[in-house]
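Welcome! Take a moment to look over the model below, and then let's walk through a few of its features together.

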Amino acid sequence: MSSFKVFDEKSIQSLLDLPAVIRSVESAYKAKAENQAEVWPMIYRKLGQAADMDIRSGWMKNKKFFGCKILQWSGNNVTRKLPAVHAVLTIMDSETGEVKGILNASALTGYRTGAAGAVGSKFLANQDSRTLLIIGTGNEAPYQIMGQICVMPCLKNIIVVNPRHPEHAAIFVNEIKEKLKMLFVSTIRKTYPEMAGHMQQLIDGVKFIAKSDIQDAVSQADIIVTVTPSAAALIQADWVKPGTHINAMGADMPGKQELDENLYKTAVAVADDREQSAVSGETQVAVQKNILRKV
């Protein structure tokens with residue numbers, strides 16, 4: 001076997017700048033639409049009441065490699081002072097089977113998911129959107145925020161809500177600018193000094209607001225990003241004003257739900273993979289109730 005590279009969390013953070021990741025994820029979606037990439041069925045297992053694992057994999061035919069990510073989530077890790085998610089990604093040559101790289105996928109997942117939300121808003125949201133609502137304050141929230149800031153040039157206000165622990169939103173808002181600078185500015189300053197300066201300007205250009213009333217927050221938002229492990233709808237259909245764009249990121253397993261399924265009676269639903277979204281994505285309940293058809 002030929003030698004391969006190993007990327008730990010520190011090396012990933014120092015090498016990746018989010019705008020480049022957004023372009024890469026956009027390119028991958030385009031390849032899939034052109035049948036030059038495949039997403040393979042996800043394997044999912046619950047590990048007790050507050051933990052689960054899943055295996056996600058796919059093939060970039062046009063680049064001749066495939067990847068396999070094994071991820072474990074533990075909801076009780078906050079009490080252990082550990083990250084909620086641990087994951088590893090292996091990249092292999094699809095022609096020779098050689099291992100090309102092993103990556104800390106916990107660090108990589110934030111960038112990839114934040115970039116996915118950014119691509120969604122870039123092509124589907126109103127480009128003059130000024131107010132973003134983030135529902136959820138966990139590990140993924142900073143990546144979603146930074147992804148939106150990168151692609152939505154008119155954003156001025158970012159409202160933050162934590163539906164389970166409303167008091168956490170105020171804490172998050174007080175800390176988030178420094179967190180964003182640590183994740184997306186300090187880590188790449190030596191590698192990409194010009195990009196670090198650009199990211200600093202983007203962060204300084206927005207205002208963060210904590211709210212506890214989720215209905216009021218939804219009514220003000222032009223873009224909504226949900227990033228929670230909820231198993232029941234957090235947003236009711238009649239709260240959402242016309243023209244609002246929603247990135248529902250949290251429902252990545254069977255049984256999860258963040259949006260009222262009745263929203264799909266009037267909203268346009270866009271999925272990166274129809275088959276997977278119908279069984280484990282946000283549209284799963286709407287499909288089960290025949291509000292949406294899996295075609």
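Let's begin with the cysteines: the sulfur of C154 lies 15 Å from the closest cysteine sulfur, in C150, which is too far for a bond. A disulfide here is a pair of cysteine sulfur atoms within 2.5 Å, and the structure holds 0 of them. C150, too, is in no disulfide. With a relative accessible area of 29%, C154 is partly exposed, and C150 counts as partly exposed at 24%. (Buried means under 20% relative accessible area, exposed over 50%, and partly exposed in between, with a 1.4 Å probe and protein chains only.)

A word on the source: this is a predicted model, where local features need pLDDT of at least 70, side-chain atom pairs count only at pLDDT 80 or more, and totals for chains, interfaces and linings use all residues. Residues are numbered from 1 along each chain as its sequence is written, and side-chain values use heavy atoms, leaving out hydrogens and water.

Next, find the open sheet, where 5 strands run in the order β10-β9-β8-β11-β13 with parallel pairing. Strands are DSSP runs (E, at least two residues) and helices likewise (H or I, at least four), numbered from the N terminus; two strands pair if DSSP finds at least two bridges between them. At the edges stand β10 (207–210) and β13 (245–248), each with a single partner strand, so one side of each has no neighbour in the sheet. Further in, β8 (residues 131–135) and β11 (residues 223–226) pair over 4 bridges in the parallel sense, and I135 stands opposite T226 in β11.

Finally, visit L124 in helix α3 (residues 105–124). L124 counts as partly exposed, at 46% relative accessibility.
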